[in-house]
Amino acid sequence: MSERKAVGIDLGTTFCAIAHIDAYGKPQIIPNAESERITPSVILFDGTNATVGTLAKQNSVAEPEKIVDFVKREIGKSREQFHREFNGQSFSAEELSALILKKLKVDAERYLGQPVTDAVVTVPAYFNDAERTATIQAGQLAGFNVLQIINEPTAAALAYGLDKLDQDQTVFVFDLGGGTFDVTIMRIENQSIRMVATNGDHRLGGKDWDDIIVNLVAEEFDRLHGENPLLDLQSYQDLQSRALAAKIQLSSRPRTTIVHSFNGKSIKIELTREDFEQLAAPLVEKTKAICEIVLQEARMAWANIDKILLVGGMTRMPMVRDMVLRISNVPLAEQVSPDEAVAIGAAIQAMLAMLGEEDKQGERHIPAETREQFSTRDGGLIQVTNITSHTLGIVLWDENAMEEYVFPMIPKMTAMPCEVKNAFGTAQANMKKAVVRIVEGESTVPSECTPLGTCSVELPPFLPKGSPVEICYQYNTNQVLSVIVDAFGKQAKATLERNAGLSDLELARATSNLSLIKVE
Ligand code: AMP
């Protein structure tokens with residue numbers, strides 16, 4: 001145990017950060033080999049080399065065909081649904097994420113002067129089973145023992161609350177990143193941290209604000225020169241980086257100028273913050289609506305919130321901050337860096353997990369002073385409770401309506417880990433197999449939910465219709481599911497045939513393929 005070293009990783013859509021607990025028990029960000037505290041989640045492939053980070057990002061305009069970015073938006077998809085090919089090799093979303101994680105690992109080991117073995121990796125709270133499983137697999141492919149997957153807002157609340165556990169309070173985490181939006185209400189009470197409600201939009205983030213500028217320039221260019229500058233990949237990438245830079249400038253300046261050239265023609269556009277705010281108003285409105293939904297789900301009003309935690313680079317934008325302050329009238333927690341809070345929280349959770357393992361094994365290697373900093377007044381470890389972000393159901397047959405429907409097994413907002421059992425009657429006489437179809441979502445209509453997978457169990461012969469089969473859904477602390485089917489005392493832990501994710505065999509194959517790639 002003593003030679004183990006754990007880190008916390010914020011695996012972001014546009015940026016990543018990695019942190020650890022230092023010898024004094026304090027969480028610290030680990031800078032990368034380029035001495036940066038955050039690393040762009042961009043990969044540049046060159047033969048068998050993969051360059052991750054700023055260097056790759058800088059090359060995205062010159063060599064767009066060798067670049068992969070926004071991988072997080074694809075995680076959880078099967079290889080058939082998403083893959084990229086370089087140098088004759090196909091890379092799944094897990095493998096691409098693993099290359100990013102490998103870069104963080106290699107740089108951290110160099111900085112710390114010791115091997116990094118264990119990691120807690122963060123995910124958006126609304127990530128589903130497939131996306132969480134794929135994130136764990138990406139961590140394993142990068143060579144980590146993945147201690148836990150935790151929700152980004154929980155991590156942010158941990159980073160904020162570690163030294164404030166004595167003050168009971170309700171914290172609203174507003175996390176707007178490069179590609180995703182997540183809002184969560186957390187309660188700090190009795191020296192523990194509990195998630196109360198969560199909601200989000202998987203496809204709302206900084207990129208949508210960038211796209212507003214991209215489209216504005218492209219339309220103007222087309223009007224002026226009769227040509228669409230977005231049809232050329234290089235011109236498109238170039239315009240994207242200019243739009244991103246303009247957006248960031250507008251956070252601190254009232255106006256900016258965007259110049260774009262394509263096919264020997266160019267355009268110069270002046271954009272004021274006011275105009276940009278007007279164009280982006282529907283996006284800000286979307287974030288506002290989700291805030292209101294999550295308050296309703298928690299049965300709370302803004303008056304019940306003590307602090308707002310802004311997380312994600314996009315919360316630096318005045319239009320976002322102003323909206324949050326205007327609708328809530330709640331003070332912001334200013335002491336947390338929006339780019340670093342999630343990784344810091346993940347490092348804290350990693351330490352809690354390591355201390356928990358020591359307790360289980362009856363060994364003590366971590367210094368007593370460090371243990372103290374992660375313990376409550378009565379000496380136990382700080383407790384962090386997450387809730388489920390989606391309802392998990394089973395597809396059943398409705399005799400009367402003659403159609404399928406979804407029966408909710410684990411409702412949204414259930415504290416984890418959890419276990420729910422229900423008995424169902426077989427749909428016909430003499431059924432050979434009980435096939436359980438697991439879906440995730442809030443609807444009772446199967447086609448409106450996300451199918452997670454199926455599992456099947458052989459049944460004894462000649463069972464009458466309506467014979468009881470007990471089905472048990474278990475969620476572990478990572479919000480990853482297992483299913484147990486109990487038919488007539490014959491209990492079978494059903495293998496969940498996931499629609500996405502890698503099998504053990506694929507995982508081993510992917511590990512050996514990735515080992516051929518040099519990551520820097
Ligand atoms: P994250 O995924 O949390 O790293 O968020 C990164 C997003 O924040 C990207 O879309 C960035 O363009 C955006 N961002 C970072 N800094 C600023 C800033 N000062 N003003 C506006 N957007 C920013």
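This is a predicted model: local features need pLDDT of at least 70, side-chain atom pairs count only at pLDDT 80 or more; totals for chains, interfaces and linings use all residues.

Visitor: Next, the pocket. What is the volume of the largest pocket, and how many residues line it?

Guide: A pocket is open, whereas a cavity is a space from which the probe cannot get out. The largest pocket here has a volume of about 990 Å³, and 42 residues line it. Nearest its centre lie Thr 14, Phe 15, Lys 57, Gly 178 and Leu 244.

Visitor: Which domains and elements supply the lining of the largest pocket?

Guide: Domain 1 and domain 2 each contribute at least three residues to that lining. Among the elements, strand S2 (15-21), helix H5 (206-225) and helix H6 (233-252) each give at least two. The largest share, seven residues, belongs to H6.

Visitor: How is the lining of the largest pocket divided by class?

Guide: The lining holds 15 nonpolar, 16 polar and eleven charged residues. Gly 178, one of the residues nearest the centre of the pocket, is counted as polar under the convention used here.

Visitor: Let us turn to the ligand. Which of the 14 residues around the ligand come nearest?

Guide: Those that come nearest are Thr 14, Gly 178, Lys 247, Ser 251 and Met 314. For Thr 14, an N or O atom of the side chain is 3.1 Å from a ligand oxygen. For Gly 178, a polar backbone atom is 2.8 Å from an oxygen atom of the ligand. Met 314 likewise uses a backbone N or O atom, at 3.1 Å from a ligand oxygen.

Visitor: How much of the ligand does the protein bury?

Guide: The ligand taken alone exposes 510 Å², and the protein buries 87% of that area.

Visitor: How many cavities of 30 Å³ or more does the structure hold, and what lines the largest cavity?

Guide: There are three such cavities. The largest has a volume of about 90 Å³ and a lining of 13 residues, with Leu 11, Gly 12, Lys 72, Ile 75 and Ser 97 nearest its centre. Helix H2 (93-112) and strand S10 (118-123) are the elements that give two or more residues to this lining. By class, the lining has six nonpolar, six polar and one charged.

Visitor: What lines the second largest cavity?

Guide: This cavity, of about 40 Å³, has a lining that includes Lys 247, Ser 251, Arg 273 and Met 317. H6, helix H7 (273-279) and helix H9 (318-328) each supply at least two of the lining residues. Five of the lining residues are nonpolar, one is polar and three are charged. Lys 247 and Ser 251 line this cavity and are also among the residues that come nearest the ligand.

Visitor: Finally, the backbone. Where does the peptide bond that is cis lie, and which residue other than glycine has a positive phi?

Guide: Most peptide bonds are trans, and most residues other than glycine have a negative phi. The bond from Met 416 to Pro 417 is cis, with omega near -5°. Pro 417 sits in the loop between strand S20 (403-410) and strand S21 (418-425). Asn 329 has a positive phi, near 60°, and lies in the loop between H9 and helix H10 (341-361).

Definitions and conventions:
Residues are numbered from 1 along each chain as its sequence is written. Side-chain values use heavy atoms; hydrogens and water are left out. On a 1 Å grid over the protein atoms alone, a cavity is a set of points where a 1.4 Å probe fits but cannot get out, and a pocket is an open set with protein on both sides within 12 Å along at least five of seven lines; lining residues have an atom within 4 Å of a point. Grid points are joined across faces, edges and corners, and a volume is the space filled by probe spheres set on the points. Helices (H or I, at least four residues) and strands (E, at least two) are DSSP runs, numbered from the N terminus. Domain bounds come from an automatic or database domain assignment. A residue is near a molecule or strand if one of its heavy atoms lies within 4 Å of it. A polar contact is a pair of N or O atoms within 3.5 Å; within protein, one must be able to donate a hydrogen and the other to accept it, and residues adjacent in sequence count only if both atoms are side-chain atoms. Accessible areas come from the Shrake-Rupley method with a 1.4 Å probe; for residues, only the protein chains shown count as cover.
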